[in-house]
Amino acid sequence: MNRRRVWIGLGLVAIAGAITLLVAGGLRENVVYFLTPTELEAKGAEVYGAPLRLGGQVKPESVDWNPDVGRLFFVITDGETELPVESSGAPPAMFSEGMGVVVEGSYREDGVFRSHNVMVKHSNEYRPPKEGEHPREVYRSLIDEEAGG
Amino acid sequence: MTITDLPQPNPGRARLLGTATLLVVAAGSAAGLFLVPADALQGEVQRLLYVHVPAAWLAMLSFFVVFVMSVLYLIQRDPKWDLLAVSAAEIGIVFTALALVLGSLWGKPTWGVWWTWDPRLTTTAIMLMIYVGYLVVRSFADDPEKRARWSAIIGIIGFVDVPIVYLSVLWWRTLHQPPSSPRSMAGEFVYVLLLNVAAFTLLYVYLMLRRYRLAVAERHVEELRLTRDDGRIT
């Protein structure tokens, strides 16, 4: 009786392991949270107008933010392909040149990615400020936003 | 097996551990809030790291304990493994929810969104659902033995998602950053994080002792009720 239970226990663990391998194996290939500019360009006309996410770095010196009309323009790059991104609304406080970003929107026929949501992908690096360096208080922009500033 | 056979933790020792836990948690919070400077890039918000990471660690530790206790239960059919499993599951749910809420609060000022369906966040939400489901299934079963058996099966199969949550940031493209390491973090930050991980781990052991004691008492009441209602339809 007890031996049977050991086998049931081991069997369940084996099933759990098999599910992990199958799910993970299947998902590993298919889960794509965002496309890179190179992948998006390769798809081209196939994905015009479809809602998707695009991830890469903000190309230095490409950012053009017009606060009067709330229009943001920048070039996103994966080091290989560059694509222009146009977005409405203010970017998150941590948005800056060279920063990783994921944008939600769609790719249009004119080759511009129109985004309605810019998200900043920060790294896993943390360090204290250097002498004379003042950290930005990123949450402040939220408080100001609430206050209508 | 009757309830009187179930081992009980020593209440005096549990109290002592509770006091020690309180002191270490207070020290960890003080260190995270005042001892180290805030991150150069993110500012004060980054201090959430010292609670968010330990909470996520406890969630995964809890569900690993559920897994081990479930296997032991199926092999030995000793109710104490079942009661330890449900104790761990409840604690895991609390800390999964805490990690999700703190992550959301951290995400808005840094990422720009409270939530996004990236693989790390999605698999974590699934993990929460699995263990909430575990508790729901338990509440459906009237027979303690059947309840223990069903939930042990969920405790084993459901654990599948836990390593996937951890590996999601390494396997897939995510908005969530990969795990920090001593190489990606300043030394003083690492020490404070480790102190808080230790504090939360102590808290876990303390909560387990308390919750298990409660589970034994609940089981006792249930057994008395079952004996009283024996042969009667309630």
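Start with chain A. Among its contacts between residues at least 6 apart in sequence, 49% join residues at least 24 apart (a contact means C-beta atoms, placed from the backbone, within 7 Å). Before going further, know that this is a predicted model: local features need pLDDT of at least 70, side-chain atom pairs count only at pLDDT 80 or more, and totals for chains, interfaces and linings use all residues. Residues are numbered from 1 along each chain as its sequence is written, while chains are lettered from A and ligands numbered from 1 in the order in which they are written.

Colour chain A by secondary structure. You'll get three helices and six strands, in the order α-α-β-β-β-β-β-β-α along the sequence. (Helices are DSSP runs of H or I, at least four residues; strands are runs of E, at least two; numbering starts at the N terminus.) Of the 149 residues in chain A, 23% are buried, meaning 20 or more other C-beta atoms within 10 Å of their own; 12 or fewer is exposed, and in between is partly exposed.

Now show both chains. Their contact takes 42 residues from chain A and 44 residues from chain B. On the chain A side, helix H1 (2-30) and strand E6 (113-121) are the elements giving two or more residues, and H1(A) has the largest share, with 13 residues. That side has 27 nonpolar, six polar and nine charged residues. (Nonpolar is Ala, Val, Leu, Ile, Met, Phe, Trp, Tyr, Cys and Pro; charged is Asp, Glu, Lys and Arg; the others, Gly among them, are polar.)

Over to chain B: pick B:Gln8, in the segment before helix H1 (11-35). Buried or exposed? B:Gln8 counts as exposed, because it has 12 C-beta neighbours inside 10 Å. Leaving aside neighbours within four places in sequence, B:Gln8 contacts B:Arg213 and B:Val216.

Next, select helix H2 (residues 49-76) of chain B. Its 28 residues should span 40 Å at 1.5 Å a residue, and the end C-alpha atoms are 40 Å apart, so the two agree (the expected span is 1.5 Å times one less than the number of residues).

Last stop: in the contact of H4(B) with H6(B), residues of H4(B) including B:Ile126 and B:Met127 meet residues of H6(B) including B:Val165 and B:Val169. The residues of this contact are eight nonpolar, three polar and two charged.

Terms used
Contact = placed C-beta atoms within 7 Å.
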